Amino acid sequence: MTTKGETVVALEGGRQNETLEEKAYDGVGVSAGIAIGPAHVVERGLLDVPEYSITADDVADELTRFDQAIEKSIKQLRSLRVKAAALSGAASEELCYLLDAHQQMLSGSRLVRGVQDRIREQRSNAEAAVQAELSEISHAFASMEDSYLAGKIEDVREVGGRIVRNLIKSEYKAFSGLPSGTIIVAEEITPADTALMDPARIGGFASALGGAEGHTAIMARSLGLPAVLGVPSLAHAVHSGDTIIVDGVRGRVVVNPSEATAAKYQRRREALLRRQRQLDRLRGVPALTRDGVRITLQCNIELPSELPLAHQAGAEGVGLLRSEFLYMNRDDPPSEDEQYVALRSVVEGMEGEPVTVRTLDVGGEKLALSLGHHISPSVNPALGLRAIRLSLKFQPLLETQLAAILRAGAHGDVRILLPMITTVSEVKRVREVVDKVVRKLNRARVAIAEPVPPIGVMIETPGAALAADTLAKTCDYFSIGTNDLTMYTLAIDRADEQVAHLYDPLHPAVLRLIKFTTEAAAKAGLAVNLCGEMAGNPRYTALLVGLGLRDLSMAAPSLPRVKQRILSLDVKEALKRTEQIMEQSDSGMIATLLDDFNALP
Ligand code: PEP
Ligand code: MG
């Protein structure tokens, strides 16, 4: 990571009657590549919506459209309230209170009146009117500097967001109306926002918040979008339409570059693309070390739309499908049929290669709107109702998802993977649910995977790693998730830019937990792979192979570089160096030993 700072170079021209300065900001480069293009600044908490003017004749229709969206929002809130009332305990009371407050905001509130005025007087389309009104209310609240009121603005935004979603319905794709090559700039870009970015249209993105191993960063790498996160007050320094450079390699954002700077970055960008094209030639080459050890390289995907990237990289299957992305950017969870259709498209798209579907892993920093009422605010979300804990608490969610996975398994090689497992009893409970769902589908004569797919466990907490020998008796394979394993072992939030420099998978404690897991797997005769971000960084490849791993799964664009490292690797030498590394107690020394080894011809 580079240090945060700012350099300023004077530059004339650009924005009307204004002197534009070239400014450079440093942050955390999370996805390699260089993007140069027009900026689109997204205001925090607001959805990206279409904006257009309406004619005087259209005003009445636009007001009706707005009223219908309000009606629909009220209906949704009423049905959520019925569900909330059926929950037990304090959570139910709290949720009902919140949902009542949201309903009140939909009748005659300042928000509603303000939007109606904007449609009538400014001839604004309804979505843009809601956004403009939300923006004005937010600024008014912010200027009061009252923390209680500041908290309430989130509720107003949530209600506004619901109205907007009901106005634009599902056909509208955020960011889709932007000119090709646009660079998104925001205070915060969530994993769900990233899932809406089409890499064919969006050039890259930059934000003030976020660390290198959070899911927003992971999505950027999966989509091959250059990205820099953790750039303080970036959204205030950039205006929509400014030319901006995102250097994801060095973690730098340049706003209004001079001609000379733009030309320099353009040359670097072309050199990077040339190198990428050379690596693409490795697509059909098997990942074989110099001494003939075969390593399996699969890819991690979040959405079916990433399949072409997996093919382009020559992936030997999907080692991790983060199914939670199917639940994002929508108001209701996907039905069994919807999930089945999405998963089947991936399974068929992989043409016989295995597809590992991980059950829902929401909670922590990954929030899915559609599950809003299942996840109450938590004091410490990363340690709260996340992943398998949520699925086991709301079993119908798990049953629906398992049914979809089992049905998709009728069309190819599917595996089930369970996130955030910490105890043997969780695996046993999931197995019981799988059996129940299988019986139900069999009774209904629905085609499902036969035999029942292998059930694997993510090893991503220190507890799971240290209990790997006992977990091995309940599951069919392990998948090591070094992103969370590092976070939970070192007590460092993977998505927090303030501690990003402390996040270190080379810490001896993390490496020992990986080793303990691979040894437990070997003893039990269990397959083990690694699907955390370490797998996609060629710097770690020799060490991971030395720790006993032969299956790695990573973001598709990372795969060719890892393969290239494998082709130059001698496993016997990697083992020797790993033994030396495992004797060290200092991560600095470990890094030196590893980097020296990587630099050997
Ligand atoms: C991990 O934790 O390493 C992992 C692969 O899962 P995720 O990044 O989705 O939490
Ligand atoms: Mg994880």
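1. Basis of the note. The model is predicted, so local features need pLDDT of at least 70 and side-chain atom pairs count only at pLDDT 80 or more, while totals for chains, interfaces and linings use all residues. Residues are numbered from 1 along each chain as its sequence is written, chains are lettered from A and ligands numbered from 1 in the order in which they are written, and side-chain values use heavy atoms, with hydrogens and water left out.

2. The chain. There are 22 helices and 17 strands in the chain, where helices (H or I, at least four residues) and strands (E, at least two) are DSSP runs numbered from the N terminus. The radius of gyration is 25 Å, close to the 25 Å that the globule rule gives for 601 residues, so the chain is as compact as a globular protein of that length; the radius is taken over C-alpha atoms, and the rule is 2.2 Å times the number of residues to the power 0.38.

3. The shell around ligand 1. Of the 17 residues around ligand 1, those that come nearest are R322, R358, G481, N483 and R494, a residue being near if one of its heavy atoms lies within 4 Å. The shell divides into eight charged, five polar and four nonpolar residues, with Asp, Glu, Lys and Arg counted as charged, Ala, Val, Leu, Ile, Met, Phe, Trp, Tyr, Cys and Pro as nonpolar, and the others, Gly among them, as polar.

4. Oxygen atoms of ligand 1 lie 2.8 Å from a polar side-chain atom of H215, 2.9 Å from one of D484 and 3.4 Å from an N or O atom in the side chain of R386; a polar contact here is a pair of N or O atoms within 3.5 Å. Taken alone, ligand 1 exposes 290 Å², and the protein buries 100% of that, with areas from the Shrake-Rupley method and a 1.4 Å probe.

5. Two backbone details. A cis peptide bond, with omega about -5°, joins E450 and P451, and P451 has its place in the loop between α14 (424-443) and β14 (455-459). R123, in the loop between α3 (110-122) and α4 (126-144), has a phi near 55°, a positive value in a residue other than glycine.

How values were computed:
A polar contact is a pair of N or O atoms within 3.5 Å; within protein, one must be able to donate a hydrogen and the other to accept it, and residues adjacent in sequence count only if both atoms are side-chain atoms.
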